[in-house]
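Dear colleague,

I am handing over a structure to you with this email, and below it you will find what came out when I went through it. Please keep it open beside the text as you read.

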Amino acid sequence: MKVLKLVSKNATRHLLRTFLTILGLAIAVMAFAVIRTSIDAWYAGANASSPNRLVVTNNISLVFPLPLAYKEKIEQLDGVTGISWAQWFGGTYVDPKNFFAQFAIDGESYLALYPEYIIPAVQKETFLKERNAVIVGRALADRFGWSVGDPIRLIGTIYPGEWDFVIRGIYTGKEETTDEAQWFMRYEYLDERMKAETPGRAGQVGSFIVQIADPSKAAQMSATIDSIFVNSLAETKTQTEEAFQLSFVAMASSIVTGLRIVSFMVIGIILLVLANTMAMTARERVSEYAVMKTLGFRPIHILGLIFGESLVIAGIGGLLGILVTFPISNLLSIVIKDFFPVFKLEIITLAIGMIASITVGIVADIFPALKAVKTPIVEGLRIVD
Amino acid sequence: MSKSFVQLHNVNKSYWRDTLEIPVLHNINLDVPEGEFVALMGPSGSGKTTLLNLIAGIDRPSSGEVSVNGESVSRLSESALARWRSRNIGFVFQFYNLMPVLNAFENVELPLLLTKLNRRERRRQVETALSIVGLADRMKHYPNQLSGGQEQRVAIARAVVTDPRLILADEPTGDLDKQSAEEVMELLSRLNKEFNKTIIVVTHDPRAAEKAHIQRHLDKGELNHL
Amino acid sequence: MLLIHYSYKNILARKLTSLLTVFGIGLVVFVFCAVLMLSNGLGETLIATGEDGNAIVIRKASQTEVQSIIYRDVANAIKADAAIEKDADGVPIVTSEILVLINQNKRSNNKPSNVPVRGVTGMSINIRPAFKLVEGRMWQPGTSEIIAGSKVAESFQGCGLGETVRFGMRDWTVVGLFETGGSGFESELWGDIDQLMDAFGRPVFSSLTMRLANPEEFEVFRARLEGDPRYTVEVMREKEYYEEQSKFTTIFINAMGVTISIIFSLGAIVGAMITMYAAVANRTTEIGTMRALGFSRRTILFAFLTESLLIALIGGAIGVLTATFLRLVEVSTTNWNTFAELAFSFEISSEIVLYAFIFAIVMGIVGGFLPAVRAARFRIVTALRAK
């Protein structure tokens, strides 16, 4: 087609400028995609949760424990098909900066509730047998170069003293969204030492995980559980695993909101870069467009030329941006995996980036296009750049 | 005849397009005494502008020697040339080449920025230059608010503001109507008579060339007496 | 530098293009400033929380007060240390406190977050001179009354004056609001330590804070306490302790913000390059003319570099100026070191302004350099012939 040829000839007329514009667009689309992906990373925990798991914690706050004795009362409820418990350990490995999630769990029942953690049968068996055994996620093991059989010492922050462990298993996630950066130790190991050292702190757990038969009754089940313990020394707060995870995101809502605002600012930058190029191009070509109009081209043709050029540029820029997003987000996921174990680029994010690029390509043109169409021929011909 | 001010000795100039040599000037010899008014004439493509550029030191000869006031232009380094030009040469272009964002005063002031003059001294010189060209009342006007003839007169003011001894003009009337062309040539002639400026004008307009004392003809790269 | 006026007039001449470029750089500088102001504000708030000459004692390796446990006998022994200053009545200026977190819904989004509740003694107020009751009154001993920091009162449900918060099987009435000169305590609820220990069923302290008679002897004091095998405690200067509390979040905000700013700046630099290349292309004849008038290559290079620097500086000024308005915005987020909600504001500092302008200048130079080099490299004859 003749028009397409003209469009591509125009786009390559200022090769350097077109190249820079495409580069600017690509950077912006990449930045947009990476920021959106890091927003998604906050929600990884919530996305990986199962609808038939409830989390029971102390109503005052996570800092307060619940008596292990609550287990029997919850277990007896109709519709409960499984229960386990966990306690946040919060130890320091070598340096306080080496932060990672550590839970003391009841081995058998906990792993039964979390089928997404895949552990070789032999390793699981050893873990269940040995008091100071630990299972860690693949990502965590890679981070510190741990392998099965390694002895590890943690310094307790909540539970004082030195704690010695042996790595007995390494789990991998069933799904891509499974957190592979956790540390699971045995609850018995913690509880027995507490019994010996500070009996007042024994027999306490941070949270119960309750499996229910019918996810649609989650709200009702939660209310039932909480009603049992109302007006006791440790009132409970029961919520779905998803709500529990989302409550952590809510704590950082300012940061997440900030990121969202920033991701839109990136689109603003695309708009500025492209609008700038288009405004310059249109100004330089006023006389050319006047000549074309004299030759009998109608405004629609001129509009086609202007929008065609910017769509070509926006399209190439968007595609290039998507291409560079893959290596950059891979790189970033390695850098920040200590904070965000799950950092996954979603196709939908790339699609939004591409659409944004194209939309901006059109918006950036409105002003120059109007000007090109409205400038009277005589005036256009008089202007020499 | 007084001693020569501008001297070209056996000057050759050719351009290279890929491997093809395009000769432009061939064995040019020219002597212009101080205070002369010379018109270089010739059809387009005859190399007039190139000759002028060589004298101004904005282009270098392939061989031969160009000297102005005893200074060998072709031997100066580039930055020395720039400094030399700002002191010794006033240049007038066919399309005036004024800075569109600067007004008449600021355009004329431009070459003075290269001198050590303070703001007040610069102002005085600019005003003098503009009144010589008869545009003292247009100081605040921008180039697009002036007619072609006025623009060219501003350009001439810019050329004389540093008080150079040599003024080079490349087709100064090429883009002007008859009356404006007349005015511009009259102005150059006055600069020559009243201020004893040496002037070399390139033109293909015989009427314009009439104002000059000496007319030389350039054809196919060779210089002839008329 | 000769041609500043010329550069400036050229920027004015192409209004739209200059404006778009200025905005691009302004936007980047704004984001850059906002991030630095955020982490600076967080740091300032926490540093202001500590008092010069005060020391704080927590259990060894516990890192935060919330995780720390100090038993009564240990607390009593430490309180008798001779290094602690005594008031006019000869009473040592030291307080033992309890700090816990309660889960409470925020007013803004109805979502829960952690509010720190501090059980304090009479001495707690003496030891923090910035404390001021701004509304209502102190609690009556032996009742379920508490006072709230002004920031908590504002952002959490049930924490305003006259409202009630429920925890520990009791309803607590907020009878007073206090301020502490913008420090972190304003994000806390304070109550009588005996009442709170009772309600939480937790008969142990979280920390001890004391004023030292001679602050220079801090190291000696620390060595003595940390070296005593009966205690297993950690002693820090109060200021350092609170500074430490902002570390993780500050590093996180800075790392994230600087990464984003750098990516953004690439976009702005590309924008500036496009503008400057176009400026050079459009003014080829002008450049040739100036060279013919005797301006050197270097002057031309600087003229275009100046132009791009001016654009960057205007953008930088707009960015910094807009960012200063962020001081009016209060941020409240979880501090990941303590897991407690902390309110603070964006704080500008002369260093941030300096960094922002350096950042803008770097963008201007990087974006303008290649186009300026191109302008300087034109051959006069070629440039004059361009039309």
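In chain A, the C-alpha centres of domain 1 and domain 2 lie 49 Å apart. Domain 1 of chain A covers 2-44 + 253-382 and domain 2 of chain A covers 53-213, with bounds that come from an automatic or database domain assignment. Where these two domains of chain A meet, the contact takes six residues from domain 1 and seven residues from domain 2, two residues being in contact if their C-beta atoms, placed from the backbone, lie within 7 Å. The side of domain 1 of chain A that touches domain 2 of chain A has three nonpolar, no polar and three charged residues; here Ala, Val, Leu, Ile, Met, Phe, Trp, Tyr, Cys and Pro count as nonpolar, Asp, Glu, Lys and Arg as charged, and the others, Gly among them, as polar.

Before going further, please note that this is a predicted model, in which local features need pLDDT of at least 70 and side-chain atom pairs count only at pLDDT 80 or more, while totals for chains, interfaces and linings use all residues. Residues are numbered from 1 along each chain as its sequence is written, and chains are lettered from A and ligands numbered from 1 in the order in which they are written.

As for chain A as a whole, its C-alpha trace spans about 95 × 45 × 35 Å along its principal axes. Chain A has 15 helices and 13 strands, where helices (H or I, at least four residues) and strands (E, at least two) are DSSP runs, numbered from the N terminus.

Chain C is likewise divided, into domain 1 (4-47 + 245-385) and domain 2 (61-231), and 46 Å separate the centres of these two domains, taken over C-alpha atoms. Their contact takes twelve residues from domain 1 of chain C and 14 residues from domain 2 of chain C. On the domain 1 side, α2 (15-49), β11 (330-335) and β12 (340-345) of chain C each give two or more residues, and β12(C) gives the most, with four residues.

Finally, chain C also touches chain B, with 16 residues of chain C in contact with 19 residues of chain B. On the chain C side, α1 (4-13), α9 (284-293) and α12 (380-385) each supply at least two residues, and α9(C) gives the most, with six residues. By class, that side of chain C has eight nonpolar, five polar and three charged residues.

With best wishes
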